[in-house]
Amino acid sequence: MDKEAFEEKSKELKEITKSSELNMKISADDPFTKLIGYNGSLKTQVKLCKSAAL
């Protein structure tokens, strides 16, 4: 593997790591993420619940 390819893959891995760390932090802060349908069928209801709680 040449240096340029290695650096490109390394940069991609760092971006993925940052993204997954952010998702983990959001998940830890938001108890609604554990609900089945959080991003799908219950998305509207979850937004309403969050609004009501705030």
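Helices here are DSSP runs of H or I with at least four residues, numbered from the N terminus. That numbering gives the names α1 and α2 used on this tour, and Gly37 sits in the loop between α1 and α2. The model is a predicted one.

**Whole chain**

Start with the entire protein chain selected. It has 2 helices and 0 strands. Of its 54 residues, 6% are buried. The accessible surface is about 5100 Å², and carbon and sulfur atoms account for 60% of that area.

Next, select residues 3-29, which form helix α1. Glu4 is placed in this helix. Is Glu4 buried or exposed? Its relative accessibility is 62%, and the limit for exposed is over 50%, so Glu4 counts as exposed.

Together with Glu4 they make up a patch of negative charge on the surface.

Side chains of opposite charge can pair when their charged atoms come close. How many salt bridges does a search of the whole structure find? The search finds 1.

**The loop: Gly37**

Move on to the loop between α1 and α2 and select Gly37. Which residues does Gly37 contact once its neighbours within four places in sequence are set aside? They are Leu42 and Lys43.

**Helix α2: Lys43**

The last stop is Lys43, in helix α2, which covers residues 43-53. Lys43 is partly exposed, and its relative accessible area is 42%. Leaving out residues up to four places away in sequence, Lys43 touches Gly37 and Tyr38. The contact with Gly37 joins this stop to the previous one.

To finish, select Phe32 along with Lys43 and show the C-alpha atoms. The two residues are 11 residues apart along the chain, and their C-alpha atoms are separated by 9.9 Å.

Notes. Residues numbered from 1 in each chain as written. Predicted model: local features only at pLDDT ≥ 70, side-chain atom pairs only at ≥ 80, totals over all residues. Heavy atoms only, no water. Buried < 20%, exposed > 50% of the residue type's maximum accessible area, 1.4 Å probe, protein only. Areas by Shrake-Rupley, 256 points an atom, 1.4 Å probe, with all protein chains shown as cover. Patch = residues over 30% accessible without salt bridge, like charges linked within 9 Å, V, L, I, M, F, W, Y side chains within 5 Å. Salt bridge = Lys/Arg side-chain N within 4 Å of Asp/Glu carboxyl O. Lys, Arg positive; Asp, Glu negative; His and termini not counted. Charge placed at Lys NZ, Arg CZ, Asp CG, Glu CD. Contact = heavy atoms within 4.5 Å.
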